[in-house]
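Trainee: Could you take a close look at one part of this model, the salt bridges and the residues that form them? Please keep the cut-offs in view as you go.

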Amino acid sequence: MTTSKNEILSKLRSQSVPKTELPDLQSIELSSQWVRYENPTEQFAEILASVGGQCIPVKNVDDVNQRLSELPAYQEAKNVCSQIAGCGQPNVSIPEITDPHDFENIDFAILPGKFGVAENGAVWISNAGGPARTLYFLSQHVALLVPASEIVNNMHQAYQKLEFAENGFGTFMSGPSKTADIEQSLVIGAHGARSLIVFLVEESF
Amino acid sequence: MPSHPKLAAEFVKNKERAHWHDQALWFVRSKRDKAAQQIPEWELLREQASKIKSYTVSHLPDLLEEFERNATARGVQVHWARNATEHNEIVHGLLKKHNVTRVVKSKSMLTEECHLNPYLERHGIEIIDTDLGERIVQMQHMPPSHIVMPAIHMKKEEIGELFHEQLGTEKGATDPQYLTEAARQHLRQKFIEAEAGITGVNFAIAETGGFVVCTNEGNADLGTSLNKLHIACMGIEKLIPRAGDLSVFLRLLARSATGQPITTYSSHFHGPAPGAEMHIVLLDNGRSEISGSDEFRRSLNCIRCAACMNTCPVYRRSGGYSYSNTVPGPIGSILGPAKDPKANSTLPFACSLCGSCTDVCPVKIDLHHQLLTWRKELRVKGLLPFSKRLSMKMMSWMMQAPGMYRFVGKMARSIVPYLPRFMLYNRLNDWGKQRELPIIPKQSFREWMKQNHDDK
């Protein structure tokens, strides 16, 4: 296919397209104008609720366990996975799974999130490529644990935190899976998680 | 190919449906306005997005090479396709090599453009669209009528009937929650059975060699994380220079598309998982041609948010299918003729030049200006229909003869008001279709001026 490549590139190079400049998004004149919030955590919780998710600030993992035990989705879950030590009562062990298909019947997954974005209620999650990546999407219900101190105002601050030096996968996840493809009626729980709870945890975990 | 006016006439015959379609799209447009108003620096963002895309197009060959270099270093295999045929052959070749017979695909207008599904089906491969809207139209053997909401033209009763026939849901059921649940169960099975996942690409990053796919349903993620083979298909214009540029585009995309602050999942793929393969197919298919055109180059800025079609008074009232083009609406009416001016010669006229599309475009494409330019180009190419050519010729002749112009005006003012309806409202008069002609004034402006001002 090198001929195709050469043909496409030489065709593009044969054209005289006026060269334009790339803006510096981090320059003070731009970055000083990106939206900021008085209380980013509050904003995060509000937006997350507006997209069908739920944000619960807690002190530590014990509090998370307490809150989980009160959740009907968690109480009813038959198969539970957890990637956080001491969190939840998992009965499926993640390290033993080599084929992501084996996660097919997971009802509830407790997983880590790196940080949250106030402007859109998104949580950044990443995965080096193990089968556990599927859990974020295949599980019926998902709870994310995010350090409470890790809420940024906007997407520009979010990308300053991100590096893509390693191979791998990462996603901004904002609320549970949803669709409005049938007459614009919003339905939560299309293919992925039917519910998403973000625990903002004060103490390190 | 049937012309836009002809297909639109079919759609507007059903007044109730045309009105319902208009309202459904307007609802989305209103949500977009609310979302945009919540960001104080919205206009600044649009400006940056436009600058970044213009930079990309003006450095496209270098950035494409940079992307290939960085993606390859991460173990992604990069393929180049000049046209749809090459694209489909590459995808099929990869599936064949892995003995894949069942594929799940998340939404990609590019594969629609290439007619990938029928091509793979002819070669004995089952390919399932996993975006709910796309799955619905796939079950009907129809293309999407909208690029973000593929089944926006369908009523829930019709979807209920379709699901009853194909998925065994209860007859007469129309509840979106119930129907979505049925689709969830059906598609989960397809995800589990599939051996490969195909996705489109929303943005590819030259600097890192990675790419981003945005969905609300999580279908791209399920389709790719369960499989060892991921094929991503992208148009060469989907590139951006730096990862940081995504901060601008992800803020604009979903807000412009559906009024959401961001899509539920904005997934960044940077290389295959251990033991898996990741391929990316770069498609030209006429894009390099557009990049050479000073008039239409900016159409390559498009990030396919569909804001222009949601706001377009013509799209909203004529439906996506009236465009007979993979991408309908204002942007499709620019891209369509760029690819095949003859087949798409009526599209730039499916526009009232109201400029609303240009106002909402998050990457500041001068859509209605380009549509106007297309009209001139089509005239130069001799692709205007006889009726338009004739009327323009007559108009030009009359405008050049002031005496004739005054005479014709006078005659019209004294005769037209007394003509019986059938002589005015018939198939020869396009202006009298679905509307009343304006009331003809008793005197011309010249006469009025003379009477009121000339002697004062």
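Mentor: Lys11(A) counts as partly exposed, because its relative accessibility is 33%, where buried means under 20% relative accessible area, exposed over 50% and partly exposed in between (1.4 Å probe, protein chains only). This is a predicted model, in which local features need pLDDT of at least 70 and side-chain atom pairs count only at pLDDT 80 or more, while totals for chains, interfaces and linings use all residues. Side-chain values use heavy atoms, with hydrogens and water left out, residues are numbered from 1 along each chain as its sequence is written, and chains are lettered from A and ligands numbered from 1 in the order in which they are written.

The side chain of Lys11(A) meets that of Glu289(B) in a salt bridge at 3.0 Å, N to O, the term standing for a side-chain nitrogen of Lys or Arg within 4 Å of a carboxyl oxygen of Asp or Glu. This pair joins two chains, because Lys11(A) lies in helix H1 (residues 2–14) of chain A and Glu289(B) in helix H13 (residues 287–291) of chain B; helices (H or I, at least four residues) and strands (E, at least two) are DSSP runs, numbered from the N terminus. Glu289(B) is partly exposed at 49% relative accessibility.

Within chain B, Glu126(B) and Lys190(B) form a salt bridge at 3.5 Å, N to O. Because Glu126(B) lies in strand S3 (residues 126–129) and Lys190(B) in helix H10, the pair ties together parts 64 residues apart in sequence. Glu126(B) is partly exposed at 30%, whereas Lys190(B) is buried at 18%.
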